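Biologist: Please take one part of this model, the pairing of oppositely charged side chains, and go through it closely, with the cut-offs behind each term.

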Amino acid sequence: MLYFDAVLMQKRFIILTLFFSVFSIGSFVTDNEKKTHGTLTPMRTCFDVTHYGISVKVDPKTQTISGKNIISFRVISAFKILQLDLVKEMQIDSILFLGKPLQYTRKENIVLVNFTSQLPKNAFQQIMVYFSGKPHVAELPPWKGGFVWAKDPENNDWVGLACEGIGAYVWLPCKDHWSDEADSMDMFLTVPEGLTGVSNGRLIAQFDAGEGFRTFHWHVSNPINNYNISINIGKYAEIKDVYYGIKALSLTYYVLQDNKEKAEKHFKQVPKMLKAFEHYFGAYPFYEDGYKLVETPYWGMEHQSCIAYGNQYINNDFDFDFIIIHESGHEWFANSITASDPADMWIHESFTTYSEALFVEYNYGKQKAIEYLQTQRGKVVGKHPMVGPRNEFYHGFTDNDIYYKGSWMLHTMRNSLNNDSLWFATIKNLCLQFRHKIVRTEDILTYFNTATGQNWDQFFKQYLYCSSIPKLDFKITYAPNGKQLVNYKWTKCVKGFNMLVKVYTNAAKTEYLWVKPSQKYQIVEINAPGVFMIATELFLVE
(Lines give C-alpha, C1' and ligand atoms only; values in the text may rest on other atoms or scores of the structure.)
Protein backbone atom coordinates (compact mmCIF):
# COMPACT_ATOMS: atom_id res chain seq x y z
CA MET A 1 0.00 0.00 0.00
CA LEU A 2 1.05 3.61 -0.46
CA TYR A 3 2.65 5.70 2.19
CA PHE A 4 1.24 9.19 2.46
CA ASP A 5 3.61 11.78 1.00
CA ALA A 6 2.34 15.35 0.93
CA VAL A 7 4.68 16.41 -1.89
CA LEU A 8 3.71 13.53 -4.13
CA MET A 9 0.06 14.09 -3.43
CA GLN A 10 0.36 17.76 -4.35
CA LYS A 11 1.34 16.60 -7.82
CA ARG A 12 -2.14 15.16 -8.01
CA PHE A 13 -3.63 18.42 -6.70
CA ILE A 14 -4.83 16.86 -3.47
CA ILE A 15 -4.35 19.06 -0.42
CA LEU A 16 -4.35 17.00 2.75
CA THR A 17 -2.72 16.94 6.12
CA LEU A 18 -0.27 14.31 7.29
CA PHE A 19 -1.93 13.95 10.66
CA PHE A 20 -4.75 11.58 9.80
CA SER A 21 -4.38 7.85 10.35
CA VAL A 22 -2.91 6.43 7.18
CA PHE A 23 -4.88 3.22 7.42
CA SER A 24 -7.95 4.59 9.15
CA ILE A 25 -10.93 2.27 8.97
CA GLY A 26 -14.26 3.87 8.14
CA SER A 27 -16.15 5.50 10.96
CA PHE A 28 -18.98 3.00 10.61
CA VAL A 29 -16.74 0.36 12.25
CA THR A 30 -16.34 0.78 16.02
CA ASP A 31 -13.15 0.04 17.93
CA ASN A 32 -14.80 -3.00 19.48
CA GLU A 33 -15.80 -4.30 16.04
CA LYS A 34 -12.25 -3.81 14.75
CA LYS A 35 -10.93 -5.94 17.59
CA THR A 36 -13.60 -8.57 16.96
CA HIS A 37 -12.71 -8.54 13.27
CA GLY A 38 -9.04 -9.04 14.11
CA THR A 39 -9.50 -11.88 16.58
CA LEU A 40 -8.98 -15.44 15.45
CA THR A 41 -11.86 -17.18 17.18
CA PRO A 42 -12.28 -20.99 17.08
CA MET A 43 -15.06 -20.41 14.54
CA ARG A 44 -12.48 -18.88 12.20
CA THR A 45 -9.51 -21.16 12.82
CA CYS A 46 -11.61 -24.31 12.38
CA PHE A 47 -11.45 -24.04 8.58
CA ASP A 48 -8.93 -23.16 5.88
CA VAL A 49 -10.14 -21.50 2.68
CA THR A 50 -8.91 -23.28 -0.44
CA HIS A 51 -10.84 -21.47 -3.18
CA TYR A 52 -13.14 -18.53 -3.79
CA GLY A 53 -15.53 -18.74 -6.74
CA ILE A 54 -16.87 -15.18 -6.91
CA SER A 55 -19.65 -14.06 -9.21
CA VAL A 56 -20.52 -10.40 -8.85
CA LYS A 57 -22.65 -8.05 -10.91
CA VAL A 58 -21.73 -4.38 -10.56
CA ASP A 59 -24.29 -1.73 -11.46
CA PRO A 60 -22.69 1.74 -11.52
CA LYS A 61 -26.06 3.46 -12.04
CA THR A 62 -27.40 2.32 -8.70
CA GLN A 63 -23.97 1.81 -7.11
CA THR A 64 -25.03 -1.67 -6.05
CA ILE A 65 -23.54 -5.12 -6.35
CA SER A 66 -25.06 -8.61 -6.17
CA GLY A 67 -23.71 -12.09 -6.53
CA LYS A 68 -22.42 -15.15 -4.77
CA ASN A 69 -19.20 -16.46 -3.30
CA ILE A 70 -18.65 -20.21 -3.47
CA ILE A 71 -16.28 -20.81 -0.58
CA SER A 72 -14.34 -24.08 -0.70
CA PHE A 73 -12.52 -25.03 2.47
CA ARG A 74 -10.81 -27.78 4.41
CA VAL A 75 -12.00 -28.56 7.94
CA ILE A 76 -9.08 -28.02 10.34
CA SER A 77 -11.00 -29.12 13.43
CA ALA A 78 -14.50 -30.58 13.55
CA PHE A 79 -17.22 -27.95 13.92
CA LYS A 80 -20.90 -27.14 13.47
CA ILE A 81 -20.56 -23.34 13.31
CA LEU A 82 -18.17 -21.25 11.28
CA GLN A 83 -17.70 -17.50 11.10
CA LEU A 84 -17.76 -15.42 7.94
CA ASP A 85 -17.33 -11.66 7.73
CA LEU A 86 -19.51 -9.13 5.93
CA VAL A 87 -20.38 -5.59 7.02
CA LYS A 88 -23.87 -5.18 8.35
CA GLU A 89 -24.73 -2.73 5.55
CA MET A 90 -24.50 -5.59 3.02
CA GLN A 91 -27.19 -8.27 2.85
CA ILE A 92 -26.84 -12.03 3.03
CA ASP A 93 -29.59 -13.34 0.75
CA SER A 94 -29.03 -17.03 1.44
CA ILE A 95 -26.37 -19.62 2.26
CA LEU A 96 -26.48 -23.07 0.64
CA PHE A 97 -24.70 -26.28 1.59
CA LEU A 98 -25.12 -29.37 -0.59
CA GLY A 99 -27.94 -27.52 -2.35
CA LYS A 100 -29.89 -26.87 0.84
CA PRO A 101 -30.21 -23.59 2.77
CA LEU A 102 -28.34 -23.21 6.03
CA GLN A 103 -29.44 -21.23 9.04
CA TYR A 104 -27.23 -18.32 10.04
CA THR A 105 -27.20 -15.46 12.51
CA ARG A 106 -25.71 -12.00 12.16
CA LYS A 107 -24.14 -9.86 14.84
CA GLU A 108 -22.82 -6.56 13.53
CA ASN A 109 -20.29 -7.57 10.85
CA ILE A 110 -20.11 -11.26 11.77
CA VAL A 111 -22.06 -14.04 10.05
CA LEU A 112 -22.31 -17.29 12.03
CA VAL A 113 -23.19 -20.17 9.73
CA ASN A 114 -24.92 -23.14 11.41
CA PHE A 115 -24.52 -26.62 9.90
CA THR A 116 -27.08 -29.30 10.67
CA SER A 117 -24.38 -31.77 11.67
CA GLN A 118 -20.75 -31.60 12.62
CA LEU A 119 -18.25 -31.40 9.76
CA PRO A 120 -15.42 -33.90 10.29
CA LYS A 121 -11.75 -32.96 10.48
CA ASN A 122 -9.87 -32.91 7.13
CA ALA A 123 -13.08 -32.97 5.09
CA PHE A 124 -13.22 -30.72 2.03
CA GLN A 125 -16.49 -28.83 1.87
CA GLN A 126 -18.13 -25.96 0.05
CA ILE A 127 -20.80 -23.38 0.81
CA MET A 128 -22.49 -20.91 -1.51
CA VAL A 129 -23.16 -17.45 -0.08
CA TYR A 130 -25.49 -15.10 -1.96
CA PHE A 131 -25.14 -11.41 -1.15
CA SER A 132 -26.28 -7.98 -2.37
CA GLY A 133 -26.41 -4.34 -1.43
CA LYS A 134 -24.65 -1.01 -1.61
CA PRO A 135 -21.01 -1.58 -0.69
CA HIS A 136 -19.08 0.93 1.36
CA VAL A 137 -17.92 3.92 -0.68
CA ALA A 138 -14.25 4.82 -0.33
CA GLU A 139 -13.72 8.09 1.52
CA LEU A 140 -10.11 8.57 0.46
CA PRO A 141 -8.84 5.64 -1.60
CA PRO A 142 -6.64 3.76 -1.20
CA TRP A 143 -6.12 4.74 2.47
CA LYS A 144 -9.77 4.98 3.46
CA GLY A 145 -11.04 2.36 1.10
CA GLY A 146 -14.07 0.72 -0.41
CA PHE A 147 -15.71 1.06 -3.83
CA VAL A 148 -14.81 4.03 -6.01
CA TRP A 149 -17.62 5.19 -8.30
CA ALA A 150 -16.24 7.68 -10.80
CA LYS A 151 -16.51 8.97 -14.36
CA ASP A 152 -13.68 9.13 -16.88
CA PRO A 153 -13.07 12.34 -18.91
CA GLU A 154 -15.56 11.08 -21.53
CA ASN A 155 -18.23 10.60 -18.82
CA ASN A 156 -18.07 6.80 -18.97
CA ASP A 157 -18.50 4.87 -15.73
CA TRP A 158 -15.13 4.17 -14.12
CA VAL A 159 -15.21 1.92 -11.07
CA GLY A 160 -12.48 0.73 -8.75
CA LEU A 161 -12.07 -1.13 -5.47
CA ALA A 162 -9.37 -0.65 -2.83
CA CYS A 163 -9.92 -2.17 0.61
CA GLU A 164 -6.60 -3.11 2.23
CA GLY A 165 -6.97 -0.91 5.28
CA ILE A 166 -10.67 -1.49 5.74
CA GLY A 167 -10.95 -5.15 4.73
CA ALA A 168 -12.62 -7.13 1.94
CA TYR A 169 -15.63 -7.74 4.16
CA VAL A 170 -16.95 -4.31 3.16
CA TRP A 171 -18.24 -5.97 -0.02
CA LEU A 172 -17.51 -9.73 -0.01
CA PRO A 173 -18.69 -12.46 2.40
CA CYS A 174 -15.42 -14.19 3.25
CA LYS A 175 -13.05 -15.20 6.01
CA ASP A 176 -11.50 -11.77 6.24
CA HIS A 177 -8.26 -12.34 8.09
CA TRP A 178 -4.74 -12.01 6.70
CA SER A 179 -3.73 -15.38 8.12
CA ASP A 180 -5.84 -17.28 5.56
CA GLU A 181 -5.54 -16.89 1.82
CA ALA A 182 -7.55 -18.71 -0.80
CA ASP A 183 -5.18 -21.03 -2.66
CA SER A 184 -6.79 -19.98 -5.95
CA MET A 185 -9.71 -17.90 -7.14
CA ASP A 186 -12.17 -17.45 -9.99
CA MET A 187 -13.88 -14.14 -10.58
CA PHE A 188 -16.94 -13.80 -12.83
CA LEU A 189 -17.23 -10.03 -13.06
CA THR A 190 -20.41 -8.77 -14.72
CA VAL A 191 -20.39 -5.15 -15.91
CA PRO A 192 -22.45 -2.91 -18.22
CA GLU A 193 -22.07 -3.72 -21.91
CA GLY A 194 -19.44 -1.55 -23.59
CA LEU A 195 -17.22 -1.49 -20.50
CA THR A 196 -14.44 -3.91 -19.58
CA GLY A 197 -14.29 -5.72 -16.24
CA VAL A 198 -10.74 -6.40 -15.04
CA SER A 199 -9.75 -8.53 -12.07
CA ASN A 200 -6.75 -10.56 -10.92
CA GLY A 201 -5.07 -13.33 -12.85
CA ARG A 202 -5.74 -14.34 -16.45
CA LEU A 203 -8.79 -13.65 -18.57
CA ILE A 204 -10.35 -17.03 -19.36
CA ALA A 205 -13.47 -15.95 -21.25
CA GLN A 206 -16.06 -13.24 -21.69
CA PHE A 207 -19.70 -13.61 -22.64
CA ASP A 208 -23.02 -11.81 -22.93
CA ALA A 209 -24.83 -11.82 -19.59
CA GLY A 210 -28.08 -10.39 -20.97
CA GLU A 211 -30.01 -7.26 -20.00
CA GLY A 212 -27.19 -5.02 -21.21
CA PHE A 213 -24.40 -6.64 -19.17
CA ARG A 214 -21.29 -8.64 -20.03
CA THR A 215 -19.34 -11.11 -17.86
CA PHE A 216 -15.56 -11.42 -17.71
CA HIS A 217 -14.13 -14.62 -16.22
CA TRP A 218 -10.73 -14.25 -14.54
CA HIS A 219 -8.72 -17.06 -12.94
CA VAL A 220 -6.00 -16.78 -10.29
CA SER A 221 -3.92 -19.92 -9.88
CA ASN A 222 -1.86 -18.71 -6.90
CA PRO A 223 -2.74 -17.91 -3.27
CA ILE A 224 -4.32 -14.47 -2.93
CA ASN A 225 -5.11 -12.29 0.06
CA ASN A 226 -8.69 -11.05 0.40
CA TYR A 227 -7.79 -7.36 0.17
CA ASN A 228 -5.96 -8.01 -3.09
CA ILE A 229 -9.10 -9.23 -4.85
CA SER A 230 -9.64 -6.51 -7.40
CA ILE A 231 -12.56 -5.05 -9.32
CA ASN A 232 -11.90 -2.54 -12.09
CA ILE A 233 -14.47 -1.36 -14.62
CA GLY A 234 -13.91 1.15 -17.37
CA LYS A 235 -13.86 2.06 -21.04
CA TYR A 236 -10.42 0.54 -21.40
CA ALA A 237 -7.95 0.15 -24.22
CA GLU A 238 -5.76 -2.95 -23.94
CA ILE A 239 -1.99 -2.98 -24.47
CA LYS A 240 -0.05 -6.24 -24.61
CA ASP A 241 3.66 -6.87 -24.17
CA VAL A 242 6.00 -9.67 -23.06
CA TYR A 243 8.88 -9.60 -20.58
CA TYR A 244 11.50 -12.30 -21.05
CA GLY A 245 12.83 -12.93 -17.57
CA ILE A 246 13.12 -16.32 -15.90
CA LYS A 247 10.66 -17.25 -18.65
CA ALA A 248 8.17 -15.37 -20.80
CA LEU A 249 5.83 -13.20 -18.70
CA SER A 250 2.73 -11.68 -20.27
CA LEU A 251 2.29 -7.95 -19.61
CA THR A 252 -1.15 -6.43 -20.08
CA TYR A 253 -2.12 -2.82 -19.50
CA TYR A 254 -5.71 -1.58 -19.29
CA VAL A 255 -5.81 2.19 -19.70
CA LEU A 256 -8.36 4.83 -20.57
CA GLN A 257 -8.63 4.96 -24.34
CA ASP A 258 -7.32 8.50 -24.70
CA ASN A 259 -4.21 7.51 -22.72
CA LYS A 260 -3.23 4.51 -24.84
CA GLU A 261 -0.41 6.17 -26.78
CA LYS A 262 0.95 7.83 -23.64
CA ALA A 263 0.80 4.55 -21.72
CA GLU A 264 2.61 2.59 -24.44
CA LYS A 265 5.62 4.85 -23.94
CA HIS A 266 5.39 5.38 -20.19
CA PHE A 267 4.97 1.71 -19.28
CA LYS A 268 8.25 0.80 -21.00
CA GLN A 269 9.71 1.08 -17.51
CA VAL A 270 7.81 -2.05 -16.42
CA PRO A 271 10.37 -4.48 -17.98
CA LYS A 272 13.11 -2.32 -16.47
CA MET A 273 11.49 -2.74 -13.06
CA LEU A 274 11.03 -6.49 -13.48
CA LYS A 275 14.66 -6.95 -14.49
CA ALA A 276 15.90 -5.11 -11.39
CA PHE A 277 13.55 -6.89 -9.00
CA GLU A 278 14.21 -10.34 -10.42
CA HIS A 279 17.91 -9.60 -9.96
CA TYR A 280 17.47 -8.80 -6.27
CA PHE A 281 14.41 -10.85 -5.30
CA GLY A 282 14.29 -13.77 -7.71
CA ALA A 283 11.55 -14.73 -10.13
CA TYR A 284 8.38 -12.69 -10.34
CA PRO A 285 6.08 -14.66 -8.01
CA PHE A 286 3.04 -14.93 -10.30
CA TYR A 287 4.20 -15.95 -13.77
CA GLU A 288 1.16 -18.22 -14.10
CA ASP A 289 -1.19 -15.28 -13.58
CA GLY A 290 0.70 -12.68 -15.60
CA TYR A 291 1.36 -9.03 -14.77
CA LYS A 292 -1.15 -6.23 -15.29
CA LEU A 293 -1.41 -2.51 -14.76
CA VAL A 294 -4.95 -1.14 -14.66
CA GLU A 295 -5.66 2.58 -14.75
CA THR A 296 -7.82 3.53 -11.78
CA PRO A 297 -9.60 6.65 -10.47
CA TYR A 298 -7.38 6.57 -7.36
CA TRP A 299 -3.61 6.77 -6.89
CA GLY A 300 -2.64 3.10 -6.76
CA MET A 301 -2.67 -0.23 -4.94
CA GLU A 302 -0.74 -3.52 -5.02
CA HIS A 303 -3.58 -5.74 -6.22
CA GLN A 304 -1.93 -9.06 -7.02
CA SER A 305 -1.15 -9.50 -10.74
CA CYS A 306 -3.46 -6.50 -11.32
CA ILE A 307 -1.65 -3.39 -10.06
CA ALA A 308 -3.90 -0.35 -9.71
CA TYR A 309 -2.31 2.64 -11.45
CA GLY A 310 -3.49 6.23 -11.11
CA ASN A 311 -0.36 8.37 -11.11
CA GLN A 312 -1.20 10.27 -14.30
CA TYR A 313 2.00 9.12 -16.06
CA ILE A 314 4.29 11.21 -13.87
CA ASN A 315 7.94 10.35 -13.19
CA ASN A 316 9.68 11.60 -10.05
CA ASP A 317 13.00 13.42 -9.83
CA PHE A 318 14.81 10.08 -10.11
CA ASP A 319 13.17 9.41 -13.48
CA PHE A 320 10.78 6.63 -12.50
CA ASP A 321 7.07 6.37 -11.83
CA PHE A 322 6.70 5.81 -8.11
CA ILE A 323 3.41 3.92 -8.39
CA ILE A 324 4.74 1.40 -10.92
CA ILE A 325 7.88 0.67 -8.90
CA HIS A 326 6.43 0.70 -5.38
CA GLU A 327 3.22 -1.19 -6.05
CA SER A 328 5.02 -3.77 -8.19
CA GLY A 329 7.56 -4.29 -5.40
CA HIS A 330 4.60 -5.49 -3.34
CA GLU A 331 4.25 -8.48 -5.65
CA TRP A 332 7.21 -9.92 -3.73
CA PHE A 333 6.53 -8.28 -0.35
CA ALA A 334 2.82 -8.44 0.60
CA ASN A 335 1.42 -10.56 -2.21
CA SER A 336 3.95 -13.41 -2.20
CA ILE A 337 5.31 -12.97 1.34
CA THR A 338 2.25 -11.98 3.35
CA ALA A 339 2.05 -10.90 6.98
CA SER A 340 -0.35 -12.94 9.07
CA ASP A 341 -1.71 -9.88 10.86
CA PRO A 342 -1.73 -6.12 10.15
CA ALA A 343 0.48 -5.80 13.23
CA ASP A 344 3.30 -7.14 11.05
CA MET A 345 2.59 -4.84 8.14
CA TRP A 346 6.16 -3.54 8.27
CA ILE A 347 7.08 -6.74 6.39
CA HIS A 348 5.04 -5.48 3.44
CA GLU A 349 5.99 -1.84 3.51
CA SER A 350 9.58 -1.72 4.74
CA PHE A 351 10.91 -4.14 2.14
CA THR A 352 8.83 -2.57 -0.62
CA THR A 353 9.94 0.97 0.20
CA TYR A 354 13.53 -0.28 0.30
CA SER A 355 12.97 -1.91 -3.09
CA GLU A 356 12.56 1.58 -4.57
CA ALA A 357 16.15 2.37 -3.58
CA LEU A 358 17.34 -0.95 -4.99
CA PHE A 359 15.61 -0.14 -8.28
CA VAL A 360 17.60 3.10 -8.35
CA GLU A 361 20.82 1.29 -7.43
CA TYR A 362 20.38 -1.31 -10.16
CA ASN A 363 19.78 1.29 -12.85
CA TYR A 364 21.80 4.30 -11.70
CA GLY A 365 24.36 3.06 -9.16
CA LYS A 366 24.82 2.90 -5.41
CA GLN A 367 25.54 6.58 -4.87
CA LYS A 368 22.31 7.54 -6.60
CA ALA A 369 20.47 5.03 -4.41
CA ILE A 370 21.93 6.67 -1.30
CA GLU A 371 20.69 10.01 -2.61
CA TYR A 372 17.24 8.47 -3.01
CA LEU A 373 17.35 7.06 0.52
CA GLN A 374 18.22 10.53 1.82
CA THR A 375 14.87 11.74 0.48
CA GLN A 376 13.25 9.17 2.78
CA ARG A 377 15.46 9.81 5.81
CA GLY A 378 13.99 13.16 6.76
CA LYS A 379 10.50 11.66 6.88
CA VAL A 380 11.25 9.22 9.70
CA VAL A 381 9.05 10.26 12.63
CA GLY A 382 10.01 7.82 15.38
CA LYS A 383 6.94 8.11 17.60
CA HIS A 384 5.54 4.58 17.41
CA PRO A 385 6.99 1.05 17.21
CA MET A 386 6.75 -0.47 13.76
CA VAL A 387 5.18 -3.69 15.10
CA GLY A 388 1.64 -3.10 16.32
CA PRO A 389 -0.71 -5.06 18.59
CA ARG A 390 -1.93 -8.37 17.14
CA ASN A 391 -5.47 -9.68 16.89
CA GLU A 392 -6.99 -6.20 16.69
CA PHE A 393 -7.14 -5.60 12.93
CA TYR A 394 -4.79 -2.77 13.80
CA HIS A 395 -4.32 -0.14 11.09
CA GLY A 396 -3.89 2.76 13.47
CA PHE A 397 -0.46 3.90 12.34
CA THR A 398 -0.30 7.67 12.65
CA ASP A 399 2.96 8.09 10.75
CA ASN A 400 4.81 6.46 7.88
CA ASP A 401 7.60 4.75 9.81
CA ILE A 402 6.73 1.27 8.54
CA TYR A 403 7.77 2.73 5.17
CA TYR A 404 10.62 5.20 5.67
CA LYS A 405 12.06 3.97 8.96
CA GLY A 406 11.63 0.40 7.75
CA SER A 407 13.51 1.14 4.54
CA TRP A 408 16.32 2.75 6.50
CA MET A 409 16.38 -0.13 8.97
CA LEU A 410 17.15 -2.48 6.08
CA HIS A 411 19.70 -0.06 4.62
CA THR A 412 21.33 0.15 8.08
CA MET A 413 21.36 -3.62 8.43
CA ARG A 414 23.02 -4.03 5.03
CA ASN A 415 25.80 -1.62 5.95
CA SER A 416 26.30 -3.04 9.42
CA LEU A 417 26.61 -6.51 7.91
CA ASN A 418 29.30 -4.99 5.65
CA ASN A 419 29.09 -7.84 3.17
CA ASP A 420 27.01 -7.02 0.10
CA SER A 421 27.34 -10.48 -1.42
CA LEU A 422 25.87 -12.04 1.70
CA TRP A 423 23.25 -9.30 2.03
CA PHE A 424 21.85 -9.69 -1.46
CA ALA A 425 21.95 -13.49 -1.25
CA THR A 426 20.03 -13.23 2.03
CA ILE A 427 17.36 -10.97 0.51
CA LYS A 428 16.91 -13.15 -2.56
CA ASN A 429 16.71 -16.35 -0.51
CA LEU A 430 14.17 -14.69 1.78
CA CYS A 431 11.88 -14.31 -1.23
CA LEU A 432 12.45 -17.92 -2.24
CA GLN A 433 12.08 -19.46 1.21
CA PHE A 434 8.84 -17.62 2.01
CA ARG A 435 7.40 -17.57 -1.50
CA HIS A 436 3.59 -17.71 -1.31
CA LYS A 437 3.73 -18.05 2.46
CA ILE A 438 2.10 -16.24 5.36
CA VAL A 439 4.62 -15.12 7.98
CA ARG A 440 4.99 -13.37 11.31
CA THR A 441 7.68 -10.92 12.38
CA GLU A 442 9.35 -13.71 14.33
CA ASP A 443 9.74 -15.81 11.17
CA ILE A 444 11.59 -13.00 9.40
CA LEU A 445 13.86 -12.29 12.36
CA THR A 446 14.79 -15.95 12.80
CA TYR A 447 15.52 -16.18 9.08
CA PHE A 448 17.98 -13.25 9.13
CA ASN A 449 19.85 -14.70 12.11
CA THR A 450 20.24 -18.03 10.36
CA ALA A 451 20.97 -16.72 6.87
CA THR A 452 23.66 -14.23 7.95
CA GLY A 453 25.15 -16.31 10.75
CA GLN A 454 24.78 -13.33 13.09
CA ASN A 455 22.43 -12.50 15.94
CA TRP A 456 20.24 -9.52 15.08
CA ASP A 457 17.80 -9.91 17.97
CA GLN A 458 18.71 -6.64 19.69
CA PHE A 459 18.93 -4.81 16.38
CA PHE A 460 15.36 -5.74 15.50
CA LYS A 461 14.18 -5.14 19.05
CA GLN A 462 15.54 -1.62 18.74
CA TYR A 463 14.23 -0.73 15.30
CA LEU A 464 10.95 -2.65 15.25
CA TYR A 465 9.75 -2.57 18.84
CA CYS A 466 11.11 0.81 20.00
CA SER A 467 10.01 4.15 18.64
CA SER A 468 13.35 5.90 19.08
CA ILE A 469 16.51 5.33 17.09
CA PRO A 470 19.85 4.66 18.84
CA LYS A 471 22.26 7.48 19.61
CA LEU A 472 26.06 7.30 19.44
CA ASP A 473 27.47 9.29 22.33
CA PHE A 474 31.16 10.23 22.29
CA LYS A 475 33.74 12.68 23.65
CA ILE A 476 37.21 13.49 22.36
CA THR A 477 40.24 14.17 24.58
CA TYR A 478 43.95 14.59 23.83
CA ALA A 479 46.45 11.84 24.61
CA PRO A 480 50.00 12.63 25.86
CA ASN A 481 51.38 11.59 22.47
CA GLY A 482 49.39 14.34 20.76
CA LYS A 483 46.81 12.02 19.29
CA GLN A 484 43.12 12.13 20.16
CA LEU A 485 41.22 9.64 22.28
CA VAL A 486 37.58 9.02 21.53
CA ASN A 487 35.33 7.58 24.25
CA TYR A 488 32.15 6.27 22.66
CA LYS A 489 29.06 4.20 23.51
CA TRP A 490 25.43 3.65 22.49
CA THR A 491 22.64 5.45 24.34
CA LYS A 492 18.85 5.59 23.84
CA CYS A 493 18.89 1.92 22.96
CA VAL A 494 17.76 -1.47 24.22
CA LYS A 495 19.95 -3.49 26.51
CA GLY A 496 22.58 -5.42 24.58
CA PHE A 497 22.44 -3.28 21.44
CA ASN A 498 25.91 -3.30 19.85
CA MET A 499 25.64 -2.62 16.13
CA LEU A 500 28.77 -2.34 13.98
CA VAL A 501 29.06 1.10 12.35
CA LYS A 502 31.43 3.06 10.15
CA VAL A 503 32.81 6.38 11.42
CA TYR A 504 34.84 8.95 9.55
CA THR A 505 37.95 10.30 11.29
CA ASN A 506 38.64 13.28 9.06
CA ALA A 507 36.45 16.02 7.70
CA ALA A 508 37.01 14.96 4.09
CA LYS A 509 35.59 11.49 4.90
CA THR A 510 38.60 9.83 3.32
CA GLU A 511 39.67 8.12 6.55
CA TYR A 512 37.36 5.91 8.58
CA LEU A 513 37.12 3.18 11.20
CA TRP A 514 34.67 0.37 11.82
CA VAL A 515 33.65 0.28 15.48
CA LYS A 516 31.20 -1.80 17.46
CA PRO A 517 30.03 0.34 20.37
CA SER A 518 28.31 -1.16 23.39
CA GLN A 519 26.56 0.60 26.27
CA LYS A 520 29.86 1.02 28.10
CA TYR A 521 32.46 3.50 26.98
CA GLN A 522 35.16 2.15 24.72
CA ILE A 523 38.25 4.06 23.63
CA VAL A 524 39.82 4.42 20.20
CA GLU A 525 42.82 6.50 19.19
CA ILE A 526 42.68 8.70 16.08
CA ASN A 527 45.08 11.12 14.44
CA ALA A 528 44.87 14.79 15.40
CA PRO A 529 43.27 16.97 14.29
CA GLY A 530 40.46 14.50 13.76
CA VAL A 531 36.75 14.04 13.91
CA PHE A 532 34.52 11.17 14.95
CA MET A 533 31.60 11.30 12.56
CA ILE A 534 29.26 8.41 11.94
CA ALA A 535 28.44 7.62 8.29
CA THR A 536 24.87 8.87 8.54
CA GLU A 537 24.29 8.15 4.85
CA LEU A 538 24.61 4.46 5.77
CA PHE A 539 23.06 4.15 9.23
CA LEU A 540 19.82 5.26 10.88
CA VAL A 541 21.25 6.61 14.15
CA GLU A 542 21.54 9.88 15.98
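Modeller: I would start with arginine 390 and glutamate 442, whose side chains meet in a salt bridge with N and O 3.1 Å apart, the term standing for a side-chain nitrogen of Lys or Arg within 4 Å of a carboxyl oxygen of Asp or Glu. This is a predicted model, in which local features need pLDDT of at least 70 and side-chain atom pairs count only at pLDDT 80 or more, while totals for chains, interfaces and linings use all residues. Residues are numbered from 1 along each chain as its sequence is written, and side-chain values use heavy atoms, with hydrogens and water left out.

Arginine 390 lies in the loop between α8 (366-377) and α9 (404-417), and glutamate 442 belongs to helix α11 (residues 441-452), so the bridge ties together parts that are 52 residues apart in sequence; helices (H or I, at least four residues) and strands (E, at least two) are DSSP runs numbered from the N terminus. Arginine 390 is partly exposed at a relative accessible area of 22%, and glutamate 442, at 33%, is partly exposed as well, where buried means under 20% relative accessible area, exposed over 50% and partly exposed in between (1.4 Å probe, protein chains only).

A second bridge joins lysine 492 to glutamate 542, with 2.4 Å from N to O. This pair also links distant parts of the chain, 50 residues apart, since lysine 492 sits in the loop between β24 (484-491) and β25 (501-504) and glutamate 542 in the segment after β28 (533-534). Lysine 492 counts as partly exposed at 45%, and glutamate 542 counts as partly exposed at 41%.

In general, side chains of opposite charge can pair when their charged atoms come close.

A further bridge pairs glutamate 238 with lysine 240, their closest N and O atoms lying 3.4 Å apart. Here glutamate 238 is partly exposed at 38% relative accessibility, whereas lysine 240 is exposed at 60%. The structure holds 15 salt bridges, the ones described here among them.

Charged side chains also meet rings in this model: the charged end of lysine 502 sits over the ring of tyrosine 512, 4.2 Å from its centre, and lysine 475 lies over the face of tyrosine 521, at 5.3 Å from the ring centre. The rule for such a contact asks for NZ of Lys or CZ of Arg within 6 Å of the ring centre and within 35 degrees of the ring normal.
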